[in-house]
Amino acid sequence: MDAERIERREGDEMIRMTLMDGQVRVMMCETTQMCQRAADIHHATPVCTAAMGRLMTATSMLGVMMKGENESVTVNIKGGGPMGTVVAVANHGDLKVTADDAQVELPLRADGKLDVGGAIGHEGYMTVIKDLGLREPYIGQIELVSGELGIDFANYYTVSEQQPSLVALGVLVSGDVVLKAGGLLIQPLPGCEEGIIDQLELRSPMFADISREMTFAPKEELLEDWFRGMKPEVLERTPLRYHCACSRHRMEKALISLGRSDLQSIIDEDTGAELGCHFCYSYYNFTTQELKELLERASRE
Ligand SMILES: [Zn+2]
C-alpha cells in the first residue's frame, strides 16, 4: 500500500513533521515569495538576495518553534564580509531582513554558485536573540564557520542547543528573480536509533541542493520521496510571509528611548526628524512640535 500522501499546497509555508514515530524532527519550508519580497525591498544583487534569503529561511525555522504570541527571534550575522551586518527577525511566520549593504557584487564561485560565504564573511559571529517577552532575552552566540549559513546554523543547533542537526538552505536566483527558495532541518531526537541516523546521512545528498530540487517537484512530493519508508507524519503547517510590523507608534517609542537630551538636541535643530525603517523602507516624519510633545511624554514616563 502507498504511504499517505501529503496534501499539495501552493505558496510559502513551513511544514513540521516527524519521522519514525517521533524519533526524528523535520522542518521543511518554501520561502520563494518571501525572498523575492526581500530582493525587491532592498534592491538586492543576486548574491545578497541569496544571503538574506538563506538567513530568513533559517530564521523562520526558529520562529515557528516559538510558542507565545509575542515571542520573536532575531538572528544577527556579523561575518566581516562586504555585506556588513545582516539581520533577520521572525515573529512566528512573519519574517523580515536587512543588511548594511545589499548591493554587493562578487564573482561566482568555482562551482558556479553564488558566493554567499564571501558576501557575509566567516570571521565573526552569529547571534540568536530569543525574545520570550520576559525582562531578559535568551541570547546564544557562536563563531561563524563558513558564512554559507547552512553549516553555521547546523553548528548553532549542535553547540548552543545541544541538538545535532542537518540544515539545508537554498535560494535560486536568476537576475532579480527568485526562482525557488527553501530550507530543510532534520533533527534526530535523543534516543533515536543509530540505523535511522545512518539512513538520513545516506540520503543527505538528495536534499543538499534544496532550491534546485524544488524547481523539479512540489515540496510535498520531495518530502515523500526523501523520507520514503521512514513514516513521515505532518504535524503542522504554518504560512510564511515577509511582513514588517513597524508603525508610527513604534517609531515614537524609539524616539522616546533616545533619552531626553538627545531628543532635546533634535528639537533645538528645528528641522524635525525623519525615521526610516531598515526592514521595509517606510518613512515616518515628525515635526518639531510633535517632537516637543514626545519630549513631554518622555519626561512624564
Ligand atoms: Zn518596517
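This is a predicted model: local features need pLDDT of at least 70, side-chain atom pairs count only at pLDDT 80 or more; totals for chains, interfaces and linings use all residues.

Colleague: What order do the strands of the open sheet have?

Modeller: The six strands of the open sheet follow the order 7-6-3-4-5-11, with mixed pairing; strands are DSSP E runs of at least two residues and helices H or I runs of at least four, numbered from the N terminus, and two strands pair if DSSP finds at least two bridges between them.

Colleague: And which strands stand at the edges?

Modeller: Strand 7 (138-143) and strand 11 (241-242), each with a single partner strand, so one side of each has no neighbour in the sheet. Strand 7 runs antiparallel to strand 6 (residues 125-131), joined by six bridges, and Gly-140 in strand 7 is the bridge partner of Val-128.

Colleague: Switching to helices, at what angle do helix 9 and helix 10 pack?

Modeller: Helix 9 (residues 260-269) and helix 10 (residues 288-300) pack at about 165°, their axes 10 Å apart, where axes are lines fitted to C-alpha atoms, for helices over the stretch in contact, and angles run from 0 to 180 degrees between N-to-C directions. The two helices, helix 9 and helix 10, are therefore roughly antiparallel, a term for angles over 145 degrees.

Conventions
Residues are numbered from 1 along each chain as its sequence is written. Angles under 35 degrees count as roughly parallel, over 145 as roughly antiparallel, 65 to 115 as roughly perpendicular and the rest as oblique.
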